[in-house]
Amino acid sequence: MSSLTDSISLPVAPGVPETRIPRFGLGVYESEGEDCYNSVLWALEAGYRLIDSAEWYENEEESGRAIRDFMKKSGTPRSEIFYTTKLMKNLGYDHVRKSIKESLRLAGLDYIDLYLIHGPHPNEKMRLESWRAIEDAVAEGVIRAAGVSNLGVRHLEQLYSAGLKVPIAVNQMDLHPFMRRKELVEYCQSKGIHMEAWAPLVRGMRFDHPAIKSLADKHKKSPAQVLIRWGLQKGYIVIPKSIKKQRVQENAQVFDFQLTNEDMASLENLDEHLVTDWDPSEDP
């Protein structure tokens, strides 16, 4: 059975130290100010070691401050905490270089473990410029691994066709039993890209679904814990979000039970292509 400390090795560029990402972490989407700071601190105190922020979220500063305060208080070395952030807009090479520099400054960390292109807009040319800027930052040592978020198969194929100096390590998507993305998942897995679920809790929209409630009752767990467990057993990286201390702690209590093959099969049948926030994966 997996554990809170489980991690997987990410594909990185030649010469970059081995980079391992925890399979479970905290997302901080729509977490503001001290709510973000507190949730990151509570998560780290509960044993989380992956924190996922973004330029778009406007909380890189709070996330980084909580990480630094936790390291100072606990004596935990930087190498044991994995920090992800994301580029908000693909607006050309120079813009991306400035965005990376600003993300580093705000977080107050000496490097970013994983840096993602947050979405495909506005076009292929700008996505390729973003990737080149990220590759140069990797070469300079300020980014360890690189990836994407909300990109579909066509977008990924365009990146591969252009030639990559840095492998695409992760594709972070709206991914849960109600949005399985079978074709995209199979494509990414064939390329060695790890899938990461940014909405593993379906934003609470299906906690009352009979199949979820039934499994929660069966295993004496919450609907959130069942959904997190599904993602972990699918082999995904899972980053549930909460700004409530009790839920941050409860979300991590998913390593003392296992969904059976029958349980997993019942969840596989729930796919309804449910978009919980946005889905630009089919956009140009």
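Me: Picking a spot to start: what's the bridge partner of Ser149 in strand 8?
Reply: In strand 8, Ser149 has Gln172 as its bridge partner. Keep in mind that this is a predicted model.

Me: OK. How many bridges join strand 7 to strand 8, and do they run parallel or antiparallel?
Reply: There are 3 bridges between strand 7 (residues 143–149) and strand 8, and the two run parallel.

Me: How does the chain get from strand 7 to strand 8, and what's the handedness?
Reply: It goes through helix 5 (residues 153–162), and this β-α-β crossover is right-handed.

Me: And on the way to strand 9, what does strand 8 make with helix 6?
Reply: Strand 8, helix 6 (residues 182–190) and strand 9 form a β-α-β unit that is right-handed. Strand 8 pairs with strand 9 (residues 194–197) in the parallel sense, over 4 bridges.

Me: Is strand 8 buried or exposed?
Reply: Buried: 6 of the 6 residues of strand 8 (residues 168–173) are, so the rest of the structure largely encloses this strand.

Me: Zooming out, what order do the strands of the sheet come in?
Reply: The order is 3-4-5-6-7-8-9-10, with 8 strands forming an open sheet and parallel pairing.

Me: Which strands stand at the edges?
Reply: Strand 3 (26–27) and strand 10 (237–238). Each has a single partner strand, so one side of each has no neighbour in the sheet.

Me: What about strand 5 and strand 6, how many bridges join them?
Reply: Strand 5 (residues 82–87) and strand 6 (residues 112–117) run parallel and are joined by 4 bridges. Within that pairing, Lys86 stands opposite Leu116 of strand 6.

Me: Back to helix 5. Which strands is it touching?
Reply: Helix 5 packs on the sheet and touches strand 7 and strand 8. The direction of helix 5 makes about 165 degrees with that of strand 8.

Me: New topic: salt bridges. How many does a search of the whole structure find?
Reply: The search finds 19. Among them is the one between the side chains of Glu140 and Arg97, at 2.5 Å from N to O.

Me: Where do Glu140 and Arg97 lie?
Reply: Glu140 is in helix 4 (residues 124–140) and Arg97 is in helix 3 (residues 93–107), so their pairing ties together parts that are 43 residues apart in sequence. Arg97 is partly exposed, at 24% relative accessible area.

Me: What does Lys125 form a salt bridge with?
Reply: With Glu129, and the closest N and O atoms are 2.6 Å apart. Lys125 and Glu129 are 4 residues apart in helix 4, which means about one helical turn separates them. Lys125 is exposed, with 53% relative accessible area, while Glu129 is partly exposed at 24%.

Me: And which residue does Arg181 meet in a salt bridge?
Reply: Arg181 meets Asp279, with 3.3 Å from N to O. Arg181 sits in the loop between strand 8 and helix 6, and Asp279 in the segment after helix 10 (261–268), so this pair ties together parts 98 residues apart in sequence.

Me: Is Arg181 buried or exposed?
Reply: Arg181 counts as buried, at 10% relative accessibility. Asp279 counts as partly exposed, at 23%.

Me: Which residues do salt bridges with shared partners join into one network?
Reply: Glu30, Arg203 and Asp277.

Me: Switching to helix 7. Which of its residues are buried?
Reply: In helix 7 (residues 210–219), the buried ones are Ala211, Ile212, Leu215, Ala216 and His219. They span an arc of only 135 degrees around the axis, so they are on the same side of helix 7.

Me: What's exposed on the other side of helix 7?
Reply: Pro210 and Asp217 are exposed there. As for the buried residues of helix 7, their cover includes helix 8 (223–233) and helix 10.

Me: What follows helix 7?
Reply: Lys220, and its phi is positive, near 55 degrees.

Me: Last one: where does Ser39 lie, and what is it in contact with?
Reply: Ser39 is in helix 1 (residues 33–45) and is buried, with a relative accessible area of 1%. Apart from neighbours within four places in sequence, Ser39 is in contact with Leu26, Val28, Ser242, Ile243 and Val248.

Conventions:
Residues numbered from 1 in each chain as written. Predicted model: local features only at pLDDT ≥ 70, side-chain atom pairs only at ≥ 80, totals over all residues. Heavy atoms only, no water. Buried < 20%, exposed > 50% of the residue type's maximum accessible area, 1.4 Å probe, protein only. Pairing = 2+ DSSP bridges. Right-handed = clockwise from strand over helix to strand, strands pointing away. Salt bridge = Lys/Arg side-chain N within 4 Å of Asp/Glu carboxyl O. Arc of directions from axis to C-beta. Contact = heavy atoms within 4.5 Å. Axes fitted to C-alpha atoms, helices over the stretch in contact; angles between N-to-C directions.
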